[in-house]
Amino acid sequence: MGGNGDIEIKVVDDLILIRCKGALSPSEINAVTFKAGRFLLQEASEGLCRELRPDLKTILYEITGLRLLEMVAVLFVERREKTYLFFMSNTLKQ
């Protein structure tokens, strides 16, 4: 989901934030210079989230004991980052 860059994970209450730095390839950066390319890249990230959701729900439940309620993928082209937000059913204990 993130590519070959650095990955940073933060937990804030019921939110797990995963930042994948340097995750966008040069071809993805080139594609987003066009509105259709940006839309296509965002749609691909969201599709990946939908496809991986059942497995992520299981993994996150095993790790945290909480249910995954929602997940969102956000692209930050200027920083070449993909950020994933996982909203859990309750506050996580750190």
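**Note on cysteines, cores and ring contacts**

1. Cys 49 is buried, at 5% relative accessible area (buried means under 20% relative accessible area, exposed over 50%, partly exposed in between, with a 1.4 Å probe and protein chains only). Cys 20 also counts as buried, at 4% relative accessibility.

2. This is a predicted model, in which local features need pLDDT of at least 70 and side-chain atom pairs count only at pLDDT 80 or more, while totals for chains, interfaces and linings use all residues. Residues are numbered from 1 along each chain as its sequence is written, and side-chain values use heavy atoms, leaving out hydrogens and water.

3. The whole structure contains 0 disulfides (a disulfide is a pair of cysteine sulfur atoms within 2.5 Å). For Cys 20, the nearest cysteine sulfur is that of Cys 49, 10 Å away.

4. The largest nonpolar core has 15 residues, and Ile 16, Tyr 84, Phe 86 and Met 88 have the most contacts inside it. Such a core is a set of buried Ala, Val, Leu, Ile, Met, Phe, Trp, Tyr and Cys residues joined through side-chain atoms within 4.5 Å. Another core lies apart from it, with 5 residues, among them Leu 24, Val 32, Leu 41 and Val 77.

5. Met 88 touches residues including Asp 14, Ile 16, Leu 60 and Leu 69, not counting those up to four places away in sequence (contact means heavy atoms within 4.5 Å).

6. The charged end of Arg 79 sits over the ring of Phe 76, 4.4 Å from the ring centre. The criterion is NZ of Lys or CZ of Arg within 6 Å of the ring centre and within 35 degrees of the ring normal.
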